[in-house]
Amino acid sequence: MEILKKVNQQFRENSPKTLDSYSYKSYEKVSLDIDEDSISHFNQFFENSNIFKKKEKKIH
């Protein structure tokens, strides 16, 4: 019980949001359930598609 009190007291201090490197505008989460016999087909599909490629940063 004591450890939970301490965690709660230091919540803001330990929050990732207090870190300079922790920031984002948006994110997307993808979850897939893939049968083992289909993995090679999915790998090929994702390698050939633009679904997970990083967006280029705009230069102002």
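**A chat about a loop and its surface patches**

Author: Leaving aside its neighbours within four places in sequence, I34 touches I39 and F42. Keep in mind that this is a predicted model.

Reader: Thanks! Where is I34 placed?

Author: I34 lies in the loop between helix 2 and helix 3.

Reader: And how exposed does I34 count as?

Author: I34 counts as partly exposed, because its relative accessibility is 31% and partly exposed covers the range between under 20% (buried) and over 50% (exposed).

Reader: Which residues make the nonpolar surface patch?

Author: That patch is made by V30, L32, I34, I39 and F42, and it comes to about 390 Å².

Reader: Where is L32, then?

Author: L32 sits in the loop between helix 2, residues 11–14, and helix 3, residues 39–48. L32 is partly exposed, with a relative accessible area of 46%.

Reader: Is D33 buried or exposed?

Author: D33 is exposed, because its relative accessible area is 83% and exposed means over 50%. Its place is in the loop between helix 2 and helix 3.

Reader: Okay, zooming out. How many helices and strands does the protein have?

Author: There are three helices and zero strands. Along the sequence, the pattern reads α-α-α.

Reader: What share of the residues is buried?

Author: Buried residues make up 3% of the 60 residues in the protein.

Notes. Residues are numbered from 1 along each chain as its sequence is written. This is a predicted model: local features need pLDDT of at least 70, side-chain atom pairs count only at pLDDT 80 or more; totals for chains, interfaces and linings use all residues. Side-chain values use heavy atoms; hydrogens and water are left out. Patches are made of residues with over 30% relative accessible area and no salt bridge: like charges are joined within 9 Å, nonpolar side chains (Val, Leu, Ile, Met, Phe, Trp, Tyr) within 5 Å. Accessible areas come from the Shrake-Rupley method with a 1.4 Å probe; for residues, only the protein chains shown count as cover. A salt bridge is a side-chain nitrogen of Lys or Arg within 4 Å of a carboxyl oxygen of Asp or Glu. Helices (H or I, at least four residues) and strands (E, at least two) are DSSP runs, numbered from the N terminus. Buried means under 20% relative accessible area, exposed over 50%, partly exposed in between (1.4 Å probe, protein chains only). Contact means heavy atoms within 4.5 Å.
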